[in-house]
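I wanted a first look at this chain before reading anything else about it. These are my entries, in the order in which I looked things up.

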Amino acid sequence: MTSLRQPYAELSGPALQHLRAIKKLLEDSPLGRNLVELVYLRVSQRNGCAFCLDMHARALRSGGESPVRLDTLAGWHLSPHFTAREKAALAWAESLTDIASSQADDAAYQPLLTHFSAQEICDLTMAIASMNALNRLAIAMRQ
């Protein structure tokens, strides 16, 4: 394993605490902890953040998530194990994670309007953005 490039938790502790506070706040939002953790795990899969993959998969398991849903999350598009609401959230998560190519297109946004309130869409977007930020820190600093 590569050692940390910089001990960012020590050097940028207050900023990291704020990112983690956003993450915690959103886990307790009306979106529900399970949906937020699924989104965190999918974003971390797309970004290839091994540290976050382990952490969010464990959180989902301890929260009672079924193994078949964890095993099929990468193929959620075709899986019958996810609801339309979850699929809308996962599509938005992928679109924002790959924003350079997707430009957060309307095809990914429109389904949100059927399944989420305006506040939930904003909270979901914030959850996706914060997880992308945390992934980038962990990957960049080789956590």
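Predicted model: local features only at pLDDT ≥ 70, side-chain atom pairs only at ≥ 80, totals over all residues.

Residues are numbered from 1 along each chain as its sequence is written, and side-chain values use heavy atoms, with hydrogens and water left out.

Entry 1, backbone angles. I kept in mind that most residues other than glycine have a negative phi. I then looked up Gln 103, which has a positive phi near 55°. Gln 103 sits in the loop between helix 7 (99-102) and helix 8 (106-115); helices here are DSSP runs of H or I with at least four residues, numbered from the N terminus. Is Gln 103 buried or exposed? Its relative accessible area is 58%, so I wrote it down as exposed. Arg 142 also has a positive phi, near 60°, and I found it in the segment after helix 9 (118-140). With a relative accessible area of 35%, Arg 142 is partly exposed.

Which residues of helix 4 are buried? I listed Cys 52, His 56, Ala 57 and Leu 60. Viewed down the axis, these buried residues fall within an arc of 125°, so they line one face of helix 4; the arc is that of the directions from the helix axis to the C-beta atoms. I recalled that an α-helix has 3.6 residues a turn, so residues three or four places apart point the same way. On the other side of helix 4 I found Ala 50, Arg 61 and Ser 62 exposed. The cover over the buried residues includes helix 2 (13-27), helix 3 (33-47), helix 5 (67-72) and helix 9. Just after helix 4, Gly 64 takes a positive phi of about 90°.

Asn 132 is in helix 9, and I counted it as buried because its relative accessibility is 7%. What does Asn 132 touch, not counting residues up to four places away in sequence? I noted Val 43, Asn 47 and Thr 97, where contact means heavy atoms within 4.5 Å. Arg 69 lies in helix 5 and is buried, with a relative accessible area of 12%. Leaving aside neighbours within four places in sequence, I found Arg 69 in contact with Asn 34, Leu 38, His 81, Phe 82 and Glu 86. The C-alpha atoms of Arg 69 and Ile 139 are separated by 25 Å, and the two residues are 70 residues apart along the chain.

I looked up Ala 15, which is found in helix 2. At 48% relative accessibility, Ala 15 counts as partly exposed. Its C-alpha atom is separated by 15 Å from that of Ala 129, which is 114 residues apart from Ala 15 along the chain.

Definitions and conventions
Helix = DSSP H or I, 4+ residues; strand = E, 2+ residues; numbered from the N terminus. Buried < 20%, exposed > 50% of the residue type's maximum accessible area, 1.4 Å probe, protein only.
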